[in-house]
Amino acid sequence: MEKLSFTVSTDQEKKIEALIAKMTVDEKIGQLNQVGPSPVGGFEISLKEKKLMLKEGKITKEEFERDLEGVQWDTRESDVRSGKIGSFLGMRGVEKCNHMQHIAVEESRLGIPLFFGLDVVHGLRTIFPIPLAESCSFDENLFEQTARIAAKEAAATGIKLTFAPMIDVCRDARWGRIAEGAGEDTYLTSRFAAAKVRGFQGDDIAKDDRIAACAKHFVAYGAAIGGRDYNSADMSLQTLWETYLPPFKEAVDSGVATFMTSFNDLNGEPCTTSKYLLKDILRNKWRFNGAVISDSGAIGELIEHGTVSDKAEAAEQALNAGIDIDMSSMCYTENLKNSVLRSNISEEELNEAVRRVLRLKFALGLFDHPYTDELSGEKMYLCKAHTQLAREAGRKSIVLLKNDGILPLKSNLKIAVVGELAATRKEMLGTWAAMGRGDEAVCLLDGFAERNISVSYEECCKVNGTFDRTALERAVKDADIVIAAVGEYADMSGEASSLCNIGLHGEQEKMLSALKELGKPFVTVMFNGRPLAVPKAVKISNALIEAWHLGSQAGNSICDVLFGDYNPSGRLTATFPNHSGECPIYYNHVSTGRPTSEIRHSCKYMDAPLTPLFPFGYGLSYTEYTYKDFIINEEKNGLCAEVTVKNIGEIAGEETVQLYAHMQKAKRVRPVRELKAFKKVYLNPGEEKRVKLFIDRCAFQYYDMQMNLVEGSGAVDFFIGHDSTASLKTVMILGGGSNE
Ligand code: NOJ
């Protein structure tokens, strides 16, 4: 049976065919053309050059943003009128969307509505934690809820497609886009993918408050060599199928409406034109019937890849491979007509792509309800329910990395706060903040103010800047305790933000060292979009909070944790290295013949510790949990693990029970450990619960050297506990055999 990403009725299918029959070739190509409004005026030079100046430090961020305000945007009204545009990306504002829609529906020959796409990655105006942060909550319900609110706010502004979720597994923190996904683990990323698709789309994308999701970037973009954005990915097919493809398969099975291809080449073939990926796997094997969109400008970039000689060849190859929508390159618009005339592509192939775009528009309900109510958005943006969820998401995403007992903070302490990031609202939003506004976010200082707690604050050190010792001494003079805010600006992670040094920038570390010298107890709060290599900060801080870029309610969420109103429960979803040179680093690497050990001739760096700074799954809490009585039993469709977890501390808390497996013997080397299941359990002080986790039988399948999918068999070690170093173990013989 064909799997449908969304359904359209027989009647709608008839309407689609009737429309296609009436369309000229130009109008058909128009449906495949997705563009953004382009800037005109305001600058004497092009936007590209202006961006370069910003990058090179010739103008400040503030100057750049000021200039941008003076720019006029060309929304290409005449192209919409003549049916040359099928959809927009990056159109902001419900009035603008409605205005353009009126032109499409009322003034174009066939009245086909547009749809508007935007990168609503972690919220629209109410901004939730960046995905990497949110993934640390290990909370599928939360993943879904935040996507639902994001969809609601987006739909209210006329956006009916989000370019999310980003489900690229990433094992290299130098890659800036690690911020946009769920980290290094395939299983967790798959759970994240399913929850996000459910959240954005619900059961019917035609509903007013639902939008179409887009699984991106297909595929292996997170494996960019050296963590350098846009770089090639080169890997075995086994790794592709076992590590990078499963989240995308999960998205298809969850009914995702669209896919976006990735910029990179995979094993020498640009993903934009890979028939293997788009036809053999996505369409034929997985039966995906939604629309496939290229990444921005990627079809034109095939020329730079060196696999086509010009834009015409690029357009033909992309359409032939299965790209329905050309995002921004204009290659389709400028060339496909000639290709049809020359029979380099058939009109039927063109029709098939158009059909998929029209189906999406019907499924979104745009033919019946093309316009958006212009008043509904303002009532809901940042409303109480949405900000409450943002605060909850923020505190669940925080990971407590170190605590010598200083946290939670006792009352009546005199607090000093230092570091630029404690006072910068807009940096809280993180990368891809859609329509989020910096001035609407709660920074750390605001968090204290909301609790009526007065603190002495001095900036002392900018993220990239030099450290002012005199200011530090002034700020902390009378303080009992210091909160030091350090980390990265929002735009240091995300697209085009790869770094080869992922330590603390500027002189932030000097500031922490000075606090140590002054003998003041201090809590370091880190704001960042990737794992950071900060061994010194860990060593000298009394406590270390990983606060990521938590979004609109960042300051409140952090204060909830600082003052113990929330017992931290987040767990890392990407390994923290001791040093940038350890990247790529990930917990689920395969077994080597010389496992890491003190022995010289073992797999390790001579100048780095044997273990990472913090492993996958790691995170402290204000209480402690113990585990006992771990068993695994075979069930009809898989395995059921059971363990007793007890809260042995004095504070209630939520534990993330993590189950890992290692196959003792197989036809190919297997990971030393792989996450197979997890479950969150809330425990009052002294309370214990029996926790059950289910593992699907398919979880042990893998690919042999000839790329046959084989069933894992024989002895499997299972580990259960608090993180990926869990030591409570049982062994099970797959396909018969019981616990050791
Ligand atoms: C390029 C990015 O790679 C992609 O993730 C994004 O959706 C598009 N630009 C549109 O903004």
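1. Start with the second largest pocket: domain 1 (10-40 + 74-363) and domain 4 (625-734) both contribute to its lining, so it sits between them. The domain bounds come from an automatic or database domain assignment. A pocket here is an open set of points on a 1 Å grid over the protein atoms alone, with protein on both sides within 12 Å along at least five of seven lines, and lining residues have an atom within 4 Å of a point.

2. Before going on, note that this is a predicted model, where local features need pLDDT of at least 70 and side-chain atom pairs count only at pLDDT 80 or more, while totals for chains, interfaces and linings use all residues. Residues are numbered from 1 along each chain as its sequence is written, and side-chain values use heavy atoms, with hydrogens and water left out.

3. Back to that pocket: the volume of the second largest pocket is about 1,200 Å³, taken as the space filled by probe spheres set on grid points joined across faces, edges and corners. Its lining has 41 residues, with T186, E242, P246, C698 and A699 nearest the centre.

4. Which elements each supply at least two residues of that lining? They are α9 (186-201), α10 (237-244), α11 (246-253), β22 (674-683), β23 (688-696) and β24 (702-703). The largest share, 5 residues, is from α10. Helices (H or I, at least four residues) and strands (E, at least two) are DSSP runs, numbered from the N terminus.

5. By class, the lining of the second largest pocket has 20 nonpolar, 8 polar and 13 charged residues. Ala, Val, Leu, Ile, Met, Phe, Trp, Tyr, Cys and Pro count as nonpolar, Asp, Glu, Lys and Arg as charged, and the others, Gly among them, as polar.

6. Now the cavities, meaning sets of points where a 1.4 Å probe fits but cannot get out. There are 2 cavities of 30 Å³ or more. The largest cavity has a volume of about 50 Å³, and residues lining it include V121, P131 and K196. α8 (140-156) is one of the helices that supply at least two lining residues, and α8 gives the most, with 3 residues.

7. The second largest cavity holds about 40 Å³ of space. V121, P131 and K196 are also among the residues that line the second largest cavity. Its lining divides into 6 nonpolar, no polar and 2 charged residues.
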